[in-house]
Amino acid sequence: MIEIKNFSASDKEFKECARIDNLVQHDSVNHPDDDKNSWKIRDKSIIRNRLLLYQNNILIGVIYYSQGRNENKRTCFYTLHLDPQYNNLGYRKLLYNKMLDQVKNFNCNLVHTSIYNHENYNEHKKLLEKEGFKLVQTNREYSCDITKIDLKKYDTLIAKLENHGIKFYDSKEEMVKNDKKFPNHFTKLEELEWITEQDIPIPEDIKHTRVPYDHWLKLCHDFYDNSYGVDIVAVYKKQYIASTDIEVNKFEPNKGWTGALGVLRNFRRRGIATALKIKAIEKLLKKGVTELRTDNEKNNPMYKINVAL
């Protein structure tokens, strides 16, 4: 018997959702503890939920959905994963339709999702085409074996920037611990991230929205406590001018995932972004990380830095 159930956040559900996710995801591993923690610290001011698809009480599919924030409050963002054994039986459509019924609660008028150009997502892609979705953005994703990077090659660049007064610091290890030298650190870091985030290309029908500071701080502390790879901040005359943060999941300790990298407009085209990456890579190598992942919109000039590395 096929049945769709509401999510109750039980330990078994987190475990089973991770199992389904890992049947579909082709290059990363989900763990129920991470999922449980993410659910625990979610922003409850916006609607976030999931629907579970069972066959004879065995989970075979899940659809995660979330309401957008502020200007995007009528937009639904979703991810759908189905056990491949149950392809071509209409189950994705079943979950999708049930989600559409539920997002009426926030008067949803726009739906967004992301998929990889990989065979594991072909059936989902067919559903999107049948439902009239249009492609609004394509991102490049990169993987780098950082053990093969010639770090000394960048010594001159970094020395030049430092001679011009641009210094690089580890946010968690150096800045948080020195409030006298870096007063109001988190306030400045959040401001920097919000300014640079607005330059990241996103689909035209979505607006950049600012996460409330209290929730941003909660997420930041969670990152520092549970998945910290590195968070490098560039400072010029006490002004925070650039940063990059990289997560390392304890269940894949050899792999780093770039969260973001941003440089204030007035400081671009000086090599600061490259220097941030090199400084971050130096720290990651000392922690045993060997692979770094990142992505960007296909026309974003940042891709040239990734290719160079």
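**Exposed asparagines, helix packing and nonpolar cores**

N107 is exposed, its relative accessible area being 51%, a value that lies above the 50% cut-off for exposure. In this predicted model, N107 is located in the loop that links α3 and β5 (110–113). The backbone of N107 adopts a positive phi of about 55 degrees, although the residue is not a glycine. A positive phi, of about 65 degrees, is also found at N88, likewise not a glycine. N88 belongs to the loop between β4 (75–82) and α3 (91–102). With a relative accessibility of 64%, N88 is classed as exposed.

Helix α5 (residues 155–163) packs against helix α9 (residues 272–286) at an angle of about 115 degrees, and the two axes are 10 Å apart. The two helices, α5 and α9, are therefore roughly perpendicular. The crossing of α5 past α9 is left-handed. On the α5 side the contact involves L157, I158, L161 and E162, which meet I272, T274, A275, I278 and K279 of α9. By residue class, this contact of α5 with α9 comprises 6 nonpolar, 1 polar and 2 charged residues.

In the second pair, helix α7 (residues 185–197) and helix α8 (residues 213–226) cross at roughly 100 degrees, their axes coming within 11 Å. This angle makes α7 roughly perpendicular to α8. Helix α7 contributes F186, T187, L189, E190 and E193 to the contact, while α8 contributes Y213, W216, L217, C220, H221 and Y224. The residues of the contact between α7 and α8 divide into 7 nonpolar, 2 polar and 2 charged.

The largest nonpolar core contains 45 residues, of which F168 and I272 touch the most other members. Helix α9 supplies the largest share of this core, with 8 residues. When residues up to four places away in sequence are not counted, F168 touches L161, E162, E174, I232, V233, A234, I272, A275, L276 and K279. Another core, of 19 residues, lies apart from the largest one and includes I60, C76, Y86 and Y96.

Technical notes: Residues numbered from 1 in each chain as written. Predicted model: local features only at pLDDT ≥ 70, side-chain atom pairs only at ≥ 80, totals over all residues. Heavy atoms only, no water. Axes fitted to C-alpha atoms, helices over the stretch in contact; angles between N-to-C directions. Helix = DSSP H or I, 4+ residues; strand = E, 2+ residues; numbered from the N terminus. Parallel < 35°, antiparallel > 145°, perpendicular 65-115°, else oblique. Left-handed = near helix turned anticlockwise from the far one by under 90°. Contact = heavy atoms within 4.5 Å. Nonpolar A, V, L, I, M, F, W, Y, C, P; charged D, E, K, R; others polar. Buried < 20%, exposed > 50% of the residue type's maximum accessible area, 1.4 Å probe, protein only. Core = buried A, V, L, I, M, F, W, Y, C linked by side-chain atoms within 4.5 Å.
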